[in-house]
Amino acid sequence: MSPYSLSLLASVSPKMHTLLSFSSSHSPHLPNHNITKSNNKLSHSINGLSSCPSSPLLPSATKSSPFLISTSKIASFRVLAASSIPDARSDEPAKTSDFLKTFQLGAMFATWYLLNIYYNIYNKQVLKVYPFPATITAFQFGFASLVINLVWTLNLHPRPSISGSQFAAILPLAVAHTMGNLLTNISLGKVAVSFTHTIKAMEPFFTVVLSALLLGEMPTFWVVSSLVPVVGGVALASMTEVSFNWIGFTTAMASNVTNQSRNVLSKKLMTNEEETLDNINLYSVITIISFLLLVPCAILVEGVKFSPSYLQSAASQGLNVRELCVRSVLAAFCFHAYQQVSHMILQMVSPVTHSVGNCVKRVVVIVSSVIFFQIPVSPVNTLGTGLALVGVFLYSRAKRIKSVQKTN
């Protein structure tokens with residue numbers, strides 16, 4: 001049989017199949033009386049496909065087949081159809097996987113924001129009636145350390161093996177992390193949640209300054225330009241803030257310095273790839289070290305404040321002992337959970353995207369705290385806060401432009 005031969009299995013009746021053989025030449029194995037001479041040229045058209053002159057057919061096939069198609073057309077049609085089916089099927093899992101990844105990332109961002117809202121609300125409620133920020137911060141670190149060790153014990157995440165050089169690199173980060181959280185809690189205890197987070201919108205400014213001083217990274221024109229509305233907005237909001245307090249203002253500003261020092265030092269110190277931990281384990285080790293550092297400092301500065309007399313003093317200001325303990329635990333849980341989710345998101349997206357998400361998070365926290373605590377906000381204060389947050393967003397965009405230029 002020639003290479004242009006093609007076999008089709010055509011259904012004649014429910015109980016019978018006839019094998020049709022299309023060939024470009026007569027088959028030498030068929031008897032002459034079974035061959036129909038191709039004197040008449042037949043042409044048929046199906047779905048716009050024109051047939052070519054028919055080939056010799058079996059009589060039974062001629063009777064049962066309702067149409068004739070050229071072998072070249074059928075072959076090309078079958079090849080195209082067969083090749084298109086796997087591609088269509090292969091695209092479906094990819095689209096499904098992309099949708100699930102996007103949905104998962106969106107859910108994680110929503111969880112991150114929700115945990116931040118509850119943390120700031122519960123934390124503020126506790127600090128108002130129990131004004132011992134060092135003790136509360138140490139308790140939050142202790143609760144997070146307990147959860148971290150539970151996760152490692154249950155093998156939900158691999159336990160890291162810390163070398164001496166790794167510990168030496170992590171220790172400065174842990175000191176900065178400890179100071180940053182302690183100063184933030186001091187500020188939250190003195191001023192409104194919305195004002196503390198407005199001041200913390202100044203973080204990009206200190207990132208640029210510290211990166212230039214410690215890493216020698218000079219900012220671009222667009223990065224510097226984006227910092228103008230940040231600084232101006234924070235200044236405008238501070239001048240019109242009802243709950244303004246110098247302790248709250250300076251501690252929030254100092255927390256910006258310490259938190260951004262931690263981020264810059266992590267770039268400078270954690271440079272050896274062999275010694276670098278993943279984001280979750282790095283946060284976990286820093287948290288445990290922070291707990292061990294802060295407990296003696298809290299006792300030294302504030303004393304032991306878990307005595308019944310201090311707990312009863314909180315009850316006289318609106319929260320009984322049970323409510324104080326429950327909200328302290330909830331605040332500590334939200335504190336650890338939102339930090340973990342934040343580091344999980346950082347492993348899935350670029351640092352610039354994470355920075356934009358952090359900007360949106362600050363907006364969500366400010367708006368939710370103003371609504372929940374019914375904080376009086378003047379139009380000028382709202383303008384200053386909005387200007388600072390727009391500046392943070394522009395800073396994120398400017399950093400994205402810088403990262404694209406580096407890749408090019």
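**The whole chain**

Begin with the entire protein chain, and bear in mind that this is a predicted model. The protein chain contains 13 helices and 4 strands. It has 408 residues, of which 41% count as buried. Among contacts in the protein chain with a separation of 6 or more, 80% are between residues 24 or more positions apart.

**Helices α6 and α7**

Select residues 203–215, which form helix α6, together with residues 221–239, which form helix α7. At what angle do the axes of these helices cross? They cross at roughly 140°, and the axes come within 9 Å. Since angles over 145 degrees would count as roughly antiparallel, α6 is therefore oblique to α7. The crossing of α6 past α7 is left-handed. Now show the side chains at the contact: P204, F205 and V208 belong to α6, while V223, L227 and V231 belong to α7. By class, this contact of α6 with α7 comprises 6 nonpolar residues, with no polar and no charged ones.

**S238, in helix α7**

Remain in helix α7 and select S238. Is S238 buried or exposed? S238 counts as buried, because its relative accessibility is 11%, and the cut-off for buried is under 20%. Leaving aside residues up to four places away in sequence, S238 touches F195, F244 and F249.

**G391, in helix α13**

Next, select residues 379–407, helix α13, and find G391 within this helix. G391 has a relative accessible area of 0% and is therefore buried. Residues up to four places away in sequence not being counted, G391 touches S226, P229 and V230.

**Helices α9 and α11**

Move on to helix α9, residues 279–302, and helix α11, residues 321–348. Their axes are 9 Å apart, and the helices pack at an angle of about 150°. That angle makes α9 roughly antiparallel to α11. The crossing of α9 and α11 is right-handed. On the α9 side, select N279, I280, Y283 and S284; these meet F335, H336, Q339, Q340, H343, M344, L346 and Q347 in α11. The contact of α9 with α11 divides into 5 nonpolar and 7 polar residues, with no charged ones.

**Cysteines**

Two cysteines may be selected next. C297 is partly exposed, given its 42% relative accessibility. C325 is likewise partly exposed, with a relative accessible area of 39%. How many disulfides does the structure hold? The structure holds 0 disulfides.

**Two loop residues**

Finish with the backbone of two loops. Most residues other than glycine have a negative phi. Select N155, in the loop between α3 (133–153) and α4 (164–190). The phi of N155 is near 60°, a positive value in a residue that is not glycine. With 66% relative accessibility, N155 counts as exposed. Then select Q374, in the loop between α12 (351–373) and α13. Q374 is not a glycine, yet its phi is positive, at about 50°. Q374 counts as exposed, at 68% relative accessibility.

Terms used
Residues are numbered from 1 along each chain as its sequence is written. This is a predicted model: local features need pLDDT of at least 70, side-chain atom pairs count only at pLDDT 80 or more; totals for chains, interfaces and linings use all residues. Side-chain values use heavy atoms; hydrogens and water are left out. Axes are lines fitted to C-alpha atoms, for helices over the stretch in contact, and angles run from 0 to 180 degrees between N-to-C directions. Angles under 35 degrees count as roughly parallel, over 145 as roughly antiparallel, 65 to 115 as roughly perpendicular and the rest as oblique. A crossing is left-handed if the near helix is turned anticlockwise from the far one by less than a right angle, and right-handed if clockwise. Contact means heavy atoms within 4.5 Å. Ala, Val, Leu, Ile, Met, Phe, Trp, Tyr, Cys and Pro count as nonpolar, Asp, Glu, Lys and Arg as charged, and the others, Gly among them, as polar. A disulfide is a pair of cysteine sulfur atoms within 2.5 Å. Buried means under 20% relative accessible area, exposed over 50%, partly exposed in between (1.4 Å probe, protein chains only).
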